[in-house]
Each structure stands twice: as structure tokens, then as C-alpha cells.
Amino acid sequence: MRASSETALRPVSPRLITARRIAALPGQAVALLLIAAAVTAAVLLDRWWLALLALIPLAVVLPGVLLVGRRVRALGYAERDDDLVVATGVLVRRVVTVPYGRIQSVTLSRGPLLQRLGLADVQLTTAAAAASVVIPGLDRAEAEALRLRLLERGEAQLAAL
């Protein structure tokens, strides 16, 4: 996938797939409990149609489990001469271009799970501050290097004005 005709997107770490699957485990456990309850009620009450209720949590959880890898592989970013391009989304593709001169702050965030997997999220706050841009699941060293490069380029762009 290309952000433009000349810029290839850099992917995020594949370990983000593992992180997202682990983070989804509590929701999957609840869904399994609901499925078990619906099937048990159907058997105990001899009402076959109650077993159909088990399809509801299954229909909610299954697509998320199956598509997490594809969703992570759709994430990417590209550093160009004057701006940063961040792309997300499988079904609805979102490509955000952030000029370096508009970047006000760059922060790294690492929750316990990301920290354990050696990953970090890079969050950009722009001058518009209407919404921040997040690049999730980068290797920690890559995230720190990207943070420094973005801050340097942002300061250089501001100094040029």
C-alpha cells in the first residue's frame, strides 16, 4: 500500500497482533460464558431456539478475532520531506497527513502489555488539536527514534517560518 506514488508505508510491529489478541481475551471470555449460558438454558428448558441466542455473542466476537491480523497489517506510516503520513483501516481506509510544522508534541505511551512486548504507541498532537494522531505498536527503539526525528523536524519547520 502506498501513501502516494513515491512513498511506501512502513508497517508497525507484528507483535501488535499478539498484544491486541491478548487485550481481547476478557471480552472473549465473557462471550464464551454467554454462549455456555444460552446452550445450557436451551438444554435444561428443552427449548432449541434458546441455543440460537448463542450466535449473538459469537457473531460479535468472531470477526474481531479473525480480523485482528489484517487490521494490524493495514497500519503504517511514512516520513516524507515535509510531512508525516499515517494510514489505518481495512474496510474504511483513513490516511492522515500531518505537516511537521504543525506538530506541537509527540508522546510515547506504553501500557503494561505493550511494555512487556517491547512496543510503544506514538501520539502526535497538532496545532489544530482537534484530534491527535496515533501510530500504535512500534518497537520501543523505533518509537523513541521516531519521536526524536519528529520533534527535530517540527522545530526545523518552525524555525524556517
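Let's start with helix α3, residues 55-73. It has 19 residues and runs 28 Å from its first C-alpha to its last, close to the 27 Å expected at 1.5 Å a residue. That expected span is 1.5 Å times one less than the number of residues. Helices here are DSSP runs of H or I, at least four residues; strands are runs of E, at least two; both are numbered from the N terminus.

Before I go on, two notes on the source. This is a predicted model: local features need pLDDT of at least 70, side-chain atom pairs count only at pLDDT 80 or more, and totals for chains, interfaces and linings use all residues. Residues are numbered from 1 along each chain as its sequence is written, and side-chain values use heavy atoms, with hydrogens and water left out.

Back to α3. The helix has a kink of about 50°, centred on Leu 67. The bend at a residue is the angle between two fitted axes, one for the seven residues ending there and one for the seven starting there.

Which residues of α3 are buried? Pro 57, Val 68, Gly 69 and Val 72. Buried means under 20% relative accessible area, exposed means over 50%, and partly exposed is in between, with a 1.4 Å probe and protein chains only. The cover over those buried residues includes α1 (15-23) and α2 (25-45).

Next, the largest pocket. Its volume is about 250 Å³. A pocket is an open set of points on a 1 Å grid over the protein atoms alone, where a 1.4 Å probe fits, with protein on both sides within 12 Å along at least five of seven lines; lining residues have an atom within 4 Å of a point. Points are joined across faces, edges and corners, and the volume is the space filled by probe spheres set on them.

The lining has 13 residues, and Arg 20, Ala 24, Gly 64, Val 68 and Arg 71 lie nearest the centre. Which helix gives the largest share of that lining? It is α3, with 6 residues. Both α1 and α3 supply at least two. By type, the lining divides into 7 nonpolar, 3 polar and 3 charged residues. Nonpolar covers Ala, Val, Leu, Ile, Met, Phe, Trp, Tyr, Cys and Pro; charged covers Asp, Glu, Lys and Arg; the others, Gly among them, are polar.

Now some single residues. Asp 46 sits in the loop between α2 and α3. Its phi is near 55°, a positive value in a residue other than glycine. Asp 46 is exposed, at 65% relative accessible area.

Val 90 is in the loop between β3 (83-88) and β4 (94-99). It is partly exposed, at 40%. Leaving aside neighbours within four places in sequence, Val 90 contacts Arg 70, Arg 71 and Ala 74. Contact means heavy atoms within 4.5 Å. Val 90 and Arg 73 are 17 residues apart along the chain, and their C-alpha atoms are separated by 8.9 Å.

Last, two strands. Gln 104 is in β5, residues 103-109, and is exposed at 56%. Thr 125 is in β6, residues 119-126, and is partly exposed at 26%. Beyond neighbours within four places, Gln 104 contacts Thr 125, Thr 126 and Ala 127.

How far apart are the C-alpha atoms of Gln 104 and Gly 64? They are separated by 34 Å, at 40 residues along the chain. Thr 125 and Arg 47 are 55 Å apart, C-alpha to C-alpha, and 78 residues apart in sequence.
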